[in-house]
Amino acid sequence: MSARILVTGASGTVGGATARLLAAGGHPVRLLGRDAARLPDPGPNGELVTGDFADPAALRAAMAGVEAVLVVTADPRLPGHDANVVRAAREAGVRRLVKLSALAVADPGAQDFITRWQREAEERIRACGLAWTMLRPRAFMSNTLAWAGDIRASGTVRAWPADARAACVDPYDIACVAVRVLTEPGHTGRAYALTGPAAVTAREQTEVLARVLGRPLAFEELDADRVRRAAEARYGAEVARALQESAERRVQGGTSRVEPEAARLLGRPARTYEQWARENAGFFTG
């Protein structure tokens, strides 16, 4: 079977939601991942294929017969993955690439490692000769799932910074926009800034979760250096520095702007953090 749309990163947050929406809409979709068991059901008009971004031959095979690709790469330490995707798309005759990027690329002051990687990936796609669209979300509301273990264990959210605002966005809204861009004409050469409807702080998100869960939650602001050291142990020094620089931009107000694009493309208001929390409350209760 020939699939018209290929979703990479289909076992992840946005890629998975996009894949499920496409399948529910009856679109012929092909889902790519390293482990087929972790991929969503592609529906009766879809199929699963296994492959890795480091394997150009597998990418070319996955893109055979495909018209559009949702490009979701995840590791800034491996920029060759983006290059492999673009090369395979050109060799396979793909017509359109839809890239999941980040809103920070539009901020000239954002020069951290992760943002530079996203910027370079966008530039590579623009230069490849295929039609393209960039999706540039602000931070995902689902990032607060990192608090779930502490909430279940002690009823405490531990985070830094406490009171910096970010116009975070529901990944479901990003996926809805991705489906429109992948299945409709009129989006070529556009870069869409995607935010939620309000800029919120970590402390305010904790208050929302307490209300949704019906239990008191404490908030403890962590020391910035402690957060950096934990990230360094998990991701390495370069990524940790990038995450800290991103948080510092948030403290300086660089992530608080609410953009209108998501609501315009969705034809409805972007979803609030409380809506996201109510749909995902089970993760915080076990």
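1. How exposed is E67, by relative accessibility? At 23%, E67 counts as partly exposed. Buried here means under 20% relative accessible area, exposed means over 50%, and partly exposed lies in between (1.4 Å probe, protein chains only).

2. Some ground rules. This is a predicted model, in which local features need pLDDT of at least 70 and side-chain atom pairs count only at pLDDT 80 or more, while totals for chains, interfaces and linings use all residues. Residues are numbered from 1 along each chain as its sequence is written, and side-chain values use heavy atoms, with hydrogens and water left out.

3. Back to E67. Its side chain meets that of R96 in a salt bridge, 3.9 Å from N to O. A salt bridge is a side-chain nitrogen of Lys or Arg within 4 Å of a carboxyl oxygen of Asp or Glu. E67 sits in the loop between helix 2 (56-63) and strand 4, and R96 in strand 5, so the pair ties together parts 29 residues apart in sequence. Helices (H or I, at least four residues) and strands (E, at least two) are DSSP runs, numbered from the N terminus. R96 is buried, with a relative accessible area of 15%.

4. The whole structure has 25 salt bridges. R228 and E232 pair at 3.5 Å, N to O. They are 4 residues apart in helix 8 (residues 224-235), about one helical turn. R228 is partly exposed at 23%, and E232 is partly exposed at 35%. E274 and R278 pair with their closest N and O atoms 2.8 Å apart. Both lie in helix 11 (residues 273-279), 4 residues apart. E274 is partly exposed at 23%, as is R278 at 47%. Salt bridges with shared partners also join R4, E67 and R96 into one network.

5. Helix 6 deserves a look. Of its 13 residues, 10 are buried, so helix 6 is largely enclosed by the rest of the structure. The buried residues include P171, I174, V177 and L182. At 1.5 Å a residue, helix 6 should span 18 Å, and its end C-alpha atoms are 18 Å apart, which agrees. The expected span is 1.5 Å times one less than the number of residues. D170 caps the N-terminal end: a side-chain oxygen lies 2.9 Å from the backbone nitrogen of Y172.

6. Now the packing. The largest nonpolar core has 29 residues, and V7, L135 and L194 have the most contacts inside it. Helix 6 gives the most to this core, with 7 residues. Such a core is a set of buried Ala, Val, Leu, Ile, Met, Phe, Trp, Tyr and Cys residues joined through side-chain atoms within 4.5 Å. Leaving out residues up to four places away in sequence, L194 touches several others, among them L135, I174, V177 and L265. Contact means heavy atoms within 4.5 Å.

7. How many disulfides does the structure hold? It holds 0. A disulfide is a pair of cysteine sulfur atoms within 2.5 Å. The sulfur of C176 is 17 Å from the closest cysteine sulfur, in C168, too far for a bond. C168 is buried at 5% relative accessibility, and C176 is buried at 15%.

8. One backbone detail. A cis peptide bond joins W160 and P161, with omega about -5 degrees. P161 is in the loop between strand 7 (156-159) and helix 6 (171-183).

How values were computed: Polar contact = N/O pair within 3.5 Å; in protein donor to acceptor, adjacent residues only side chain to side chain.
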